[in-house]
Amino acid sequence: VMFGLGKKKKEDVYAAVTGVLIPLTEVSDPVLAQKMMGDGFAIKPKNGEIYAPVDGNITMIFPTKHAISIKTVQGLEVLVHMGFDTVEMDGRPFDVKVSRNQKVKAGDLLANMNLKLVADSDHDTTIAVVYTNMALLKSFPEISAKNVTAKEMIGELNYK
């Protein structure tokens, strides 16, 4: 038996929201900006529709609904983190459309986020997508600032 058969070595990653794509190092949250949780990208959103950046299974939805984790077939955990310091808002800005253990495809709607509510509470609306177990990756997209549309391909994840 060939192990790893059927496991793709490459996977496309897509914009989780329409807005301005920025490198993770430019976000206001120091833990994410310093890549303590992993690398990835961020988007300053133009609207509140947040989509799955990859295919996979929903492994975790934080009780405060501000973060959703998706595990790809290869085992990569991809964290979709909606806004910063939004934990304090106790889930109010978020209408989560998925449930734990649900299979999703890239481009499936994960949540609606009330950007106005977040901004009015003086919180940052930036959406971050973080690959938390980086050891699985050989390479991932280099990010430079540009406008993106939700579900637009950002680049390719290459697995070891």
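Five salt bridges turn up when the whole structure is searched; here a salt bridge is a side-chain nitrogen of Lys or Arg within 4 Å of a carboxyl oxygen of Asp or Glu. Side chains of opposite charge can pair when their charged atoms come close. The model is predicted, so local features need pLDDT of at least 70 and side-chain atom pairs count only at pLDDT 80 or more, while totals for chains, interfaces and linings use all residues. Residues are numbered from 1 along each chain as its sequence is written, and side-chain values use heavy atoms, leaving out hydrogens and water.

Let us start with D39 and K35. Their salt bridge has its closest N and O atoms 3.0 Å apart. D39 is buried, at 13% relative accessible area, whereas K35 is partly exposed at 37% (buried means under 20% relative accessible area, exposed over 50%, and partly exposed in between, with a 1.4 Å probe and protein chains only).

Next come D55 and K105, whose side chains meet in a salt bridge at 3.7 Å, N to O. D55 sits in the loop between β4 (49-51) and β5 (56-61), and K105 in the loop between β9 (103-104) and β10 (109-113), so this pair ties together parts that are 50 residues apart in sequence. D55 is partly exposed at 26%, and K105 is exposed at 53%.

Finally, look at helix α2 (residues 115-120), where D120 and K116 lie four residues apart, about one turn of the helix. Helices (H or I, at least four residues) and strands (E, at least two) are DSSP runs, numbered from the N terminus. The side chains of D120 and K116 form a salt bridge at 2.7 Å, N to O, and both residues are exposed.
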